[in-house]
Amino acid sequence: MQALWMVLAAFLFASMGVCVKMASAYFNAAELVCYRGFIGMAILWALAHSQKVALATRYPGMHAWRSLIGVTSLGAWFYAIAYLPLPTAMTLNYMSSVWIAAFLIGGALLAWRPSSAQPRPPLQVTLVLTVLVGFAGVVMMLRPSIDDNQAFAGLVGLCSGLTAAFAYMQVVALSRLGEPETRTVFYFAVGSAVAGGAAMLVTGMSDWPGWPALWLLPLGLLAAGGQLCMTRAYSRALTARGTLVVANLQYSGIVFASIYGVALFGDQLPLIGWAGMALIVGSGITATVLRARAAPDTPAEEH
């Protein structure tokens, strides 16, 4: 059942991407982040109340930093969805596992001092190859599949995966301090509402479109539903192998996004673009396996 819960979570996140793309015709990214935050706050408050999870925290600074990074990633992802083919934007955000692998390599090298007695960390060939394959996939997917006026959106989408990796590492730190995931996600929703509202002071507010504003409701509901399904999937995975299967099934979201992109938006990617997407998925799965070995029992990634 844990596998089905993760596939359902991936489907809900891809469906959220459809709502973002539809709503982006009427609202800018700051507004979408803000409105998603308010809807998420209401849902997470009700969930915390039903679970009897107190929302007061002893680590407000860590939650604020996690929310700042997470909101930056979310805003960049929403911007990329608005201006790129849906499967391309989804895949770039799922690059976070490859970025984490790159951080593991860089962190080990930065921590080593040539003058110290500690031997140089071994060259992790598998990790290095995983990172290189992932970025080769990015080049293959972006260059043929976007035109010149989408280049900036492609860069923003790539940054969404980078900042998502930073946010995930902060979630890991909060989890190890004993913070329940419901509380962490609630403060992320608070940060989304506050940061999105602050950004609206700069970007301005769009004219209220009337009935199309209803896209905002499923956007928030699908995001919260996807997060809850993902949490249940990980909680039902009682073995290391089960957790690994669940973690890798998150990439089914790219399949759902591709189906949506072709069926609803007429997205057309050349063969080399699909090949690049497959390389990114493969490197992401490999990075997830390596991460599970290095840091077992870490929490789920959020989208």
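**Note on a helical chain: charges, rings and buried residues**

1. R66 lies over the face of F188, at 4.3 Å from the ring centre. A charge sits over a ring if NZ of Lys or CZ of Arg is within 6 Å of the ring centre and within 35 degrees of the ring normal. K21 is likewise placed over the face of F265, at 5.8 Å from the ring centre.

2. On the source: this is a predicted model, in which local features need pLDDT of at least 70 and side-chain atom pairs count only at pLDDT 80 or more, while totals for chains, interfaces and linings use all residues. Residues are numbered from 1 along each chain as its sequence is written, and side-chain values use heavy atoms, with hydrogens and water left out.

3. The chain has 12 helices and 0 strands. Helices (H or I, at least four residues) and strands (E, at least two) are DSSP runs, numbered from the N terminus. Of the 303 residues in the chain, 51% are buried. Buried means under 20% relative accessible area, exposed over 50%, and partly exposed in between (1.4 Å probe, protein chains only).

4. The accessible surface of the chain is about 14,200 Å², and carbon and sulfur atoms hold 70% of that surface. Accessible areas come from the Shrake-Rupley method with a 1.4 Å probe; for residues, only the protein chains shown count as cover. Among contacts in the chain with a separation of 6 or more, 90% are between residues 24 or more positions apart. Contact means heavy atoms within 4.5 Å.

5. Beyond its neighbours within four places in sequence, K21 is in contact with I81, A82, L84, L86 and F265. Side chains of opposite charge can pair when their charged atoms come close. K21 is buried yet has no salt bridge, and the nearest side chain of opposite charge, D267, is 5.7 Å away. A salt bridge is a side-chain nitrogen of Lys or Arg within 4 Å of a carboxyl oxygen of Asp or Glu. Lys and Arg count as positive and Asp and Glu as negative; His and the chain ends are not counted.

6. Which residues form the salt bridge? A search of the whole structure finds 1 salt bridge, and R183 forms a salt bridge with E179, their closest N and O atoms being 2.6 Å apart. R183 is buried, with a relative accessible area of 12%. E179, at 9% relative accessibility, also counts as buried.

7. The whole structure holds 11 aromatic pairs. Rings of Phe, Tyr and Trp (its six-membered ring) pair if their centres lie within 6.5 Å; planes under 30 degrees apart count as stacked, over 60 as edge-to-face and the rest as tilted. F27 and Y35 form an edge-to-face pair, 5.8 Å centre to centre with 80° between the planes. Both F27 and Y35 are buried.

8. F27 also pairs edge-to-face with W208, at 5.7 Å centre to centre and 70° between the planes. F27 lies in the loop between α1 and α2 (29-51) and W208 in the loop between α8 (181-203) and α9 (216-236), so the pair ties together parts that are 181 residues apart in sequence. F27 counts as buried at 3% relative accessibility, whereas W208 counts as exposed at 58%.

9. F11, F256 and Y260 make up one aromatic cluster.

10. N93 belongs to helix α4 (residues 86-93). This residue counts as buried because its relative accessibility is 3%. N93 and W77 are 16 residues apart in sequence and 6.6 Å apart in space, C-alpha to C-alpha.
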